[in-house]
Structure formats: structure tokens, C-alpha cells
Amino acid sequence: MVVGSGLAGLQTAWQLAGAGEVHLFTQSRAGAGNSSRAQGGIAAAVGEGDPDTVEVLVREGPAAVAGLARLGIPFDRSGDRWALGKEGSHSVSRILHASGDATGAAMVETLLARVRSHPRIRLFSHTRVTGLIAEGGECFGVTAVRGEEGIVCRARAVVLATGGCGQVFRYTTNDPVVTGGGLAMAYRAGAALADMEFVQFHPTALAVEQNPMFLISEAVRGEGAVLVNSCGEAFMGRYHDWKDLAPRDVVSRAIDREVREGRRVFLDARGLKERFAARFPTIFARCLEHGIDPRRDRIPVTPAAHFLMGGVRTDSHGRSGVRRLFAVGEVACTGVHGANRLASNSLLEGAVFASRVAKAAGRLPRVPAFPDRVVRQEMFTVDQENPVYADAVRRIMWEHAGIVRNRNSLIDGMNALSSLREEVPGEYLECHDMIDVSQVILHSALKREESRGGHFRGDFPEPREEWAKKRIRIRRGEPVEPIAIEKTGM
Ligand SMILES: Cc1cc2nc3c(=O)[nH]c(=O)nc-3n(C[C@H](O)[C@H](O)[C@H](O)COP(=O)(O)OP(=O)(O)OC[C@H]3O[C@@H](n4cnc5c(N)ncnc54)[C@H](O)[C@@H]3O)c2cc1C
């Protein structure tokens with residue numbers, strides 16, 4: 001059983017079909033999610049984080065990318081070589097892209113066609129998984145809701161590929177389906193969530209309030225565009241030696257500061273001239289829709305929640321602490337991104353770890369019978385959506401766990417969410433999932449009394465040595481205590 005049809009889910013289903021029949025459940029239309037929104041591309045491949053999994057990513061990345069190309073993904077070429085782009089914090093050009101800035105859409109489309117035509121994969125769209133059937137540290141399957149129908153599905157292995165949780169923040173580049181449901185379900189089933197304080201805010205979303213916010217890829221700065229403030233100053237030199245291609249957290253905080261000091265911020269890509277439309281056709285078209293012509297106008301930008309470095313803690317084969325339960329892609333925390341993901345490494349993560357998950361999951365013995373009591377009635381509640389409650393969560397998280405955090409504000413955020421939880425009726429499942437995940441983020445952010453990567457504390461603005469090798473891992477019902485970073489991943 002694979003849950004989710006982004007890059008990680010599709011690739012896992014494809015690989016897993018070699019070992020037996022695969023069911024793929026995905027809410028909304030197939031292919032919805034962050035993968036099809038990815039613009040910049042896929043890097044092959046370096047990163048920072050847990051040494052074991054980073055080595056896997058670096059070593060197996062090129063083969064995974066070659067495998068994707070063989071499946072038919074039309075990566076852009078320059079003569080007889082791949083055309084390689086560059087993004088923030090990369091020292092060399094190593095990012096493959098497709099259709100200019102529509103890399104994710106090209107990948108999802110190709111993989112979806114493959115998965116749909118595979119005789120051993122059954123894809124169920126508009127099927128929302130509502131719970132994991134789990135007891136005693138073992139997972140036996142999932143419950144799901146499709147229209148009015150409740151479904152119980154036993155499975156030898158359940159692979160969560162449900163993506164991150166950007167939608168718990170008011171301003172986000174993430175797809176509306178990315179609300180953190182997989183994280184909440186895994187947490188309730190007894191799996192540990194780790195590194196949840198590390199949320200990456202992307203510095204340059206188009207500053208037009210909408211959900212999701214439209215991303216202006218870092219690759220635009222890679223091609224020479226420059227951030228300027230309303231005084232016309234190219235200000236990044238004041239904040240970091242790498243200027244516009246400094247790490248995302250640095251650029252996001254710099255923009256946040258400029259705005260707090262009363263200056264608006266723009267991306268000046270006018271130097272790209274006619275090249276802009278050819279290299280970034282999607283961004284170009286979207287800017288025009290909002291009356292901005294990047295060849296002539298500066299593009300107004302603002303930071304937005306973008307990527308979750310944390311997730312369901314797994315080893316290098318995607319195994320969570322719960323037997324038969326796996327996680328892959330953004331929902332997983334392999335540790336590979338450390339405290340701050342390097343641009344274009346998450347599509348790569350999905351591709352590399354999908355194969356490893358498929359190998360481990362495909363070897364499991366048949367699932368035993370499970371007691372009826374494990375399937376609870378509330379798992380079939382027809383999920384209600386309520387934009388008012390969801391919006392309340394999103395506002396609380398943006399205000400209290402956004403780009404700059406501090407102790408008092410995090411505590412206020414936790415209290416505000418606890419009060420909100422009392423108000424939200426039980427059938428608003430998605431909203432309860434959002435609250436669960438948000439509370440874990442707030443707890444983790446409160447515990448880490450330092451600043452590192454995507455996590456910035458105004459009251460502890462520097463990294464602290466004693467935290468360098470510590471990880472916050474949260475398991476339901478256990479006290480939240482930092483632990484030493486584990487050697488092998490679990
Ligand atoms: C605008 C944007 C641009 C990006 N650009 C890049 C880039 O250039 N390069 C890069 O490497 N990364 C990029 N990223 C990050 C990258 O796209 C994501 O990290 C990655 O696509 C995650 O893939 P995934 O398969 O784990 O999850 P997703 O692609 O988000 O898919 C999650 C899937 O799970 C399904 N799902 C969720 N909950 C349930 C449920 N309860 N029941 C059933 N189904 C469920 C969803 O419907 C969806 O199909 C970008 C992200 C965004 C938002």
C-alpha cells in the first residue's frame with residue numbers, strides 16, 4: 001500500500017510492483033501535491049546531514065536520475081549533455097531540469113502514465129487515507145474514505161508518501177493537499193517524528209496573497225537576478241558574502257528584516273531580458289497574469305513556508321519504528337537534509353529512497369490477521385473541511401512559529417492551538433491532523449534553544465555547540481527530550 005502520488009509515491013509504487021500487487025491511494029486528483037509544482041529541478045547530488053544517509057543520496061543519486069531519464073522524463077539538454085542549472089548554496093551547476101521551470105510536472109506526468117499502465121498497480125484517486133491500522137508497534141493496513149464509502153485495506157507494508165505540511169502556515173508555496181496528514185497518522189500509530197522544528201522558508205514567493213503562494217524559483221537568482229529593496233539597494237551584500245545565493249534561511253530573514261524596517265522587496269530580473277521567457281516560461285506567464293512583466297518590471301517577493309526537513313524518523317530504507325510502516329519523500333526524516341535542505345535535493349531524495357523502501361518493503365512476509373478493535377469507527381468519518389478552522393491554525397503558526405521564533409511566542413502559540421482544538425468538531429479530521437502536527441512543531445521549536453538552519457530563535461540567535469549533535473525526536477505519550485543524533489538512522 002502506497003499513500004500519495006507525488007514523486008516519492010509514484011516511484012515507490014513503480015519499484016514495488018516488482019514484488020507484488022500494489023495499491024496506491026491518493027487524495028484529490030492523482031498527481032496533486034508538491035512534486036508537480038517543483039520548478040528548479042533535481043540535483044545529482046551533495047548535501048549535509050546524517051553521514052550514512054547523505055552518503056546514500058550522493059552515491060545513489062546519479063543512478064536514480066539516470067533511471068528517471070530511462071523512464072522517459074524529458075530532462076532539458078544542451079547539445080549532447082544535460083543542461084545543468086545552479087541554485088542557492090550550490091557551488092557548481094548540477095541541477096537537471098525539464099521544460100525549463102516545469103521539472104516536477106514533467107516528472108509526475110511521466111511517472112503517472114507508467115504507474116497507470118502497470119498491470120500490478122491499482123491507483124485509487126480521490127481516496128483519502130484517514131488512519132493507520134496499527135497496534136503493538138505493528139501496522140496492518142489503512143482505513144480510507146472515498147466519497148461516502150469507508151474502506152479497510154490490509155497490507156504487507158504501508159508506505160507513507162504524503163509529503164510535508166506547508167499548509168499549516170498562512171503563507172506557503174505548498175499545494176493545498178499538503179496538510180501533514182501522514183505525519184499525524186504516523187504519530188498517532190506510535191512512530192517518532194524528528195527534526196520538526198526545521199521548516200524551510202523560501203525567500204521568494206510572489207508577493208500576491210493567495211493560497212498557495214506562487215514560487216519564483218531560486219534558479220532565477222542563479223541566472224543573475226538580484227534582490228533589491230524599495231530604496232533601489234541590492235541589499236543582500238549587507239547580510240551574507242554569497243549575496244543573493246546565500247542559504248535560504250539567511251535570505252528569508254534578510255527580506256523579513258527589510259520589510260519590518262519598512263522597505264518592500266523585489267526581485268530584479270530585468271537583466272535576463274528576453275531570455276527570461278524562454279528559461280522560465282511558467283514563472284513568466286504567471287507574472288504576466290498579475291500584470292508584472294519581468295523583462296521590464298521588478299517582481300515583488302516575500303518569504304513563505306516551503307519545505308519540512310523533519311518528518312517520520314526512518315532508517316536508510318525508510319523503515320519507521322513501527323513494523324511494516326515506511327515513509328518516503330518529504331514526509332520522512334532520513335536526516336539527509338540536516339537543518340536546512342539544499343535546493344533541488346528533495347526530488348532526488350524521493351527518487352533515491354523510493355528504491356530502497358521498495359526493496360525492504362517487498363521482502364516482508366504476509367500480514368497477519370488483526371483484531372477488530374484496531375479499526376475504530378471514527379476512522380470512517382467523512383472528512384469535513386472547514387476553511388475557517390484551518391485558517392486559524394495557519395495564522396497561529398505563521399505568527400508563532402514563522403521565520404523568527406522566541407520562547408514566549410511559541411508558548412502562546414501552543415496555548416492558542418489547545419483552545420482551538422476544543423472548538424473544532426471531531427469530523428474535521430484534516431484540521432485535527434493539522435493541529436497535531438503544529439503542536440509537534442511548536443514543542444520542538446521551543447526545546448531547541450539555539451538557531452540552526454531553518455530554525456531561528458530571536459532569543460537564542462546563534463548556533464550552540466551543545467546542540468550540534470542533538471536531535472529532537474517526539475513520540476506520542478513520551479516526554480520531549482533531545483537525544484544524541486543516532487548513527488544508523490533510527
Ligand atoms: C512550489 C515548489 C517548488 C519546488 N521546487 C523543487 C525543486 O525544484 N526541486 C526539488 O528537489 N524540490 C522542490 N520542491 C520540494 C519538492 O517538490 C517536494 O519536497 C517533493 O515534491 C515532495 O514529494 P513527495 O512525493 O514526498 O510529496 P508530494 O509531491 O507533496 O505528494 C504528496 C501526495 O500525498 C497525497 N496525500 C497526502 N495526504 C494524504 C492522505 N491522507 N491520503 C491519501 N493521499 C494523501 C497527496 O494528495 C499527494 O499526492 C518544491 C516544492 C514546492 C512547493
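1. Leu160 stands opposite Ala327 of strand β19. Strand β12 (residues 158-160) pairs with β19 in the parallel sense over three bridges; two strands are taken to pair if DSSP finds at least two bridges between them. Helices (H or I, at least four residues) and strands (E, at least two) are DSSP runs numbered from the N terminus.

2. The model is predicted, and local features need pLDDT of at least 70, side-chain atom pairs count only at pLDDT 80 or more, and totals for chains, interfaces and linings use all residues. Residues are numbered from 1 along each chain as its sequence is written, and side-chain values use heavy atoms, with hydrogens and water left out.

3. The open sheet consists of five strands in the order β8-β2-β1-β12-β19, with parallel pairing. Its edge strands, each pairing on one side only, are β8 (121-124) and β19 (325-327). Helix α1 (residues 7-16) packs on this sheet and touches β1 (2-3), β2 (22-25), β8 and β12, where contact means heavy atoms within 4.5 Å. The direction of α1 makes about 170° with that of β2; axes are lines fitted to C-alpha atoms, for helices over the stretch in contact, and angles run from 0 to 180 degrees between N-to-C directions.

4. Helix α9 (residues 346-362) has 17 residues and should span 24 Å at 1.5 Å a residue, which agrees with the 23 Å between its end C-alpha atoms; the expected span is 1.5 Å times one less than the number of residues. A kink of about 25° is centred on Phe353 in α9, the bend at a residue being the angle between axes fitted to the seven residues ending there and the seven starting there. Because 15 of the 17 residues of α9 are buried, this helix is largely enclosed by the rest of the structure. Buried means under 20% relative accessible area, exposed over 50%, and partly exposed in between (1.4 Å probe, protein chains only).

5. With a disulfide defined as a pair of cysteine sulfur atoms within 2.5 Å, the count is zero. The sulfur of Cys153 lies 11 Å from the closest cysteine sulfur, in Cys139, which is too far for a bond. Cys153 is buried at 12% relative accessibility, and Cys287 is buried at 0%.

6. The peptide bond from Asn211 to Pro212 is cis, with omega near -5°; Pro212 is in the loop between β14 (199-206) and α5 (218-222). Ser28, in the loop between β2 and β3 (42-43), has a positive phi near 60° and is partly exposed at 28%.
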